[in-house]
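Trainee: I would like to learn how to read this structure. Please take me through it feature by feature.

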Amino acid sequence: MQRVGYGTRFFLRLCLLAVASLRRPRLVIDQIHFIGNYSLSIILVSGLLIGFVLGLQGYYTLRRYGTEE
């Protein structure tokens, strides 16, 4: 039951800080732009590597049945 109190206080504090951030919309927009640009490169690299792994696993599966071509 004690964790519910912590969660409620955290949520209320988060709401108050969110309202306070609306006073500076340009700062919020700049932060979203900054985070988005740096996240894009991480997403692209991880997507590329996951694609390589899936392709390799698919090749091994197809080779088992003799249809790799």
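Mentor: Start with a definition: helices (H or I, at least four residues) and strands (E, at least two) are DSSP runs, numbered from the N terminus. This is a predicted model, in which local features need pLDDT of at least 70 and side-chain atom pairs count only at pLDDT 80 or more, while totals for chains, interfaces and linings use all residues. Residues are numbered from 1 along each chain as its sequence is written, and side-chain values use heavy atoms, with hydrogens and water left out.

Trainee: How many helices and strands does the chain have?

Mentor: The chain has two helices and zero strands. Helix H1 covers residues 2-21, and helix H2 covers residues 25-64. Just after H2, Gly66 has a positive phi of about 80°.

Trainee: What radius of gyration does the chain have?

Mentor: The radius of gyration is taken over C-alpha atoms, and the globule rule is 2.2 Å times the number of residues to the power 0.38. A compact globule of 69 residues would come out near 11 Å, but the chain has 23 Å. Its C-alpha trace spans about 60 × 40 × 10 Å along the principal axes. Gly7 and Gly55, 48 residues apart in sequence, are 43 Å apart in space, C-alpha to C-alpha. For Cys15 and Leu54, 39 residues apart along the chain, the C-alpha separation is 42 Å.

Trainee: What percentage of the residues count as buried?

Mentor: Buried means under 20% relative accessible area, exposed over 50%, and partly exposed in between (1.4 Å probe, protein chains only). Of the 69 residues of the chain, 0% count as buried. Gly7 is partly exposed at 37%, and Cys15 is partly exposed at 31%.

Trainee: Which residues form a nonpolar patch on the surface?

Mentor: Patches are made of residues with over 30% relative accessible area and no salt bridge; like charges are joined within 9 Å, and nonpolar side chains (Val, Leu, Ile, Met, Phe, Trp, Tyr) within 5 Å. Here Phe10, Phe11, Leu12 and Leu14 form such a patch, with about 460 Å² of accessible area together. Leu12 lies in helix H1.

Trainee: How many salt bridges does the structure hold?

Mentor: Side chains of opposite charge can pair when their charged atoms come close. The rule asks for a side-chain nitrogen of Lys or Arg within 4 Å of a carboxyl oxygen of Asp or Glu. The structure holds one salt bridge, formed by the side chains of Arg26 and Asp30 (3.5 Å, N to O).

Trainee: Where do Arg26 and Asp30 sit in helix H2?

Mentor: An α-helix has 3.6 residues a turn, so residues three or four places apart point the same way. Arg26 and Asp30 are four residues apart in H2, which means about one helical turn between them. Arg26 is exposed at 56% relative accessibility, and Asp30 is partly exposed at 36%.

Trainee: How many aromatic pairs are there?

Mentor: Rings of Phe, Tyr and Trp (its six-membered ring) pair if their centres lie within 6.5 Å; planes under 30 degrees apart count as stacked, over 60 as edge-to-face and the rest as tilted. By this rule there are two aromatic pairs. Phe34 and Tyr38 form an edge-to-face pair, 4.8 Å centre to centre with 65° between the planes. Phe34 and Tyr38 are also four residues apart in H2, about one helical turn. The rings of Tyr59 and Tyr60 have centres 5.9 Å apart and planes at 55°, so that pair is tilted.

Technical notes: Accessible areas come from the Shrake-Rupley method with a 1.4 Å probe; for residues, only the protein chains shown count as cover.
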